[in-house]
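Hi,

Here is the structure I promised to pass on. Have a look at it first, and then read on for what I found.

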Amino acid sequence: MSKVIKVFNNELEMGLRILVILEIVYPKSYDIEMINYYDYFILHTKDIGGDESLHADVPNRYGELSVKRELIRNTTKLLLSRGLIDVEYSQRGIEYKASETTSPFLVNLEEEYTEKLKENAAWVHNKFKIYSFDDLNKFVMDNKNKWGTENPYCTIGLIDE
């Protein structure tokens with residue numbers, strides 16, 4: 001029996017990013033969608049007026065916002081089971097926040113990628129900390145067409161040949 005192991009966009013990679021996000025916004029708690037937005041922003045800072053993005057500006061990158069929700073849900077379950085994040089139930093719904101073990105866990109990670117994630121997360125939070133969910137959602141909707149949406153000329157010559 002063989003199991004496919006994802007190298008990219010797996011629970012471990014997403015878990016690191018969620019921990020970084022929740023640590024930087026602490027004591028706030030965020031739902032899946034806010035985590036999703038922040039995850040996109042810390043990876044694609046250039047799309048929101050920052051310096052060079054951490055991940056490549058690939059075509060159709062805006063689609064990451066739709067495909068990562070399930071990964072985020074699964075990853076939050078994993079992080080909760082390990083005590084690395086806490087869950088909060090409120091009138092707004094289910095939200096997640098850094099636990100007492102989030103910072104001690106992250107302090108031991110000093111790789112260049114992790115340090116850049118932390119730097120980007122701090123920059124993103126500084127930029128959006130006063131935004132409500134509705135404000136952030138409007139920002140995303142107003143800008144999504146600039147964020148690597150499909151270019152129609154990419155298929156010229158591939159259709160109707």
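Let me start with the pocket lining: in the largest pocket, the lining residues split into nine nonpolar, two polar and four charged.

Before more of that, some housekeeping. This is a predicted model, in which local features need pLDDT of at least 70 and side-chain atom pairs count only at pLDDT 80 or more, while totals for chains, interfaces and linings use all residues. Residues are numbered from 1 along each chain as its sequence is written, and side-chain values use heavy atoms, with hydrogens and water left out.

Back to the pockets. A pocket here is an open set of points on a 1 Å grid over the protein atoms alone, where a 1.4 Å probe fits, with protein on both sides within 12 Å along at least five of seven lines; lining residues have an atom within 4 Å of a point. Volumes are the space filled by probe spheres set on the points, with grid points joined across faces, edges and corners.

The largest pocket comes out at about 240 Å³. It has 15 lining residues, and Leu12, Gly15, Leu16, Phe105 and Leu109 are the ones nearest its centre. H1 gives the largest share of that lining, six residues, and H1, helix H4 (69–81) and H6 each supply at least two. Helices (H or I, at least four residues) and strands (E, at least two) are DSSP runs, numbered from the N terminus.

The second largest pocket has a volume of about 180 Å³. Its lining is made up of Lys28, Ser29, Tyr30, Asp31, Met34, Arg92, Glu95, Lys129, Tyr131, Ser132 and Phe133. By class, that is four nonpolar, two polar and five charged residues.

Now the overall layout. The protein chain has seven helices and two strands, in the order α-α-α-α-β-β-α-α-α from the N terminus. Of its 161 residues, 39% count as buried, where buried is under 20% relative accessible area, exposed over 50% and partly exposed in between (1.4 Å probe, protein chains only). Of the contacts with a separation of 6 or more, 67% are between residues 24 or more positions apart; contact means heavy atoms within 4.5 Å.

H6 is worth a look. Which residues of H6 are buried? They are Thr114, Leu117, Asn120, Ala121, Val124, His125 and Phe128. These cover an arc of only 135° around the axis, so they sit on the same side of H6; the arc is that of the directions from the helix axis to the C-beta atoms. The face turned away from that side carries the exposed residues Glu112 and Asn126. What the buried residues of H6 pack against is helix H1 (11–25), helix H2 (32–43) and helix H7 (133–143).

Thr114 is buried, with a relative accessible area of 3%, and touches Leu16 and Leu109, not counting residues up to four places away in sequence. Lys118, also in H6, is in contact with Val20, Leu106 and Leu109 once its neighbours within four places in sequence are left aside. The C-alpha atoms of Lys118 and Leu19 are separated by 9.8 Å, although the two are 99 residues apart along the chain.

H2 is mostly covered, with twelve of its twelve residues buried. What covers them includes H1, helix H3 (64–67), H4, strand E2 (93–98), H6 and H7. H2 reaches 17 Å from its first C-alpha to its last, close to the 16 Å expected at 1.5 Å a residue.

Two loop details to finish. Pro27 is in the loop between H1 and H2, and the peptide bond from Tyr26 to Pro27 is cis, with omega near 15°. Thr45, in the loop between H2 and H3, is buried with a relative accessible area of 3%. Not counting residues up to four places away in sequence, Thr45 touches Gly50, Asp51, Glu52, Ser53, Asn120, Trp123 and Val124.

Cheers

Key: Ala, Val, Leu, Ile, Met, Phe, Trp, Tyr, Cys and Pro count as nonpolar, Asp, Glu, Lys and Arg as charged, and the others, Gly among them, as polar. The expected span of a helix is 1.5 Å times one less than its number of residues.
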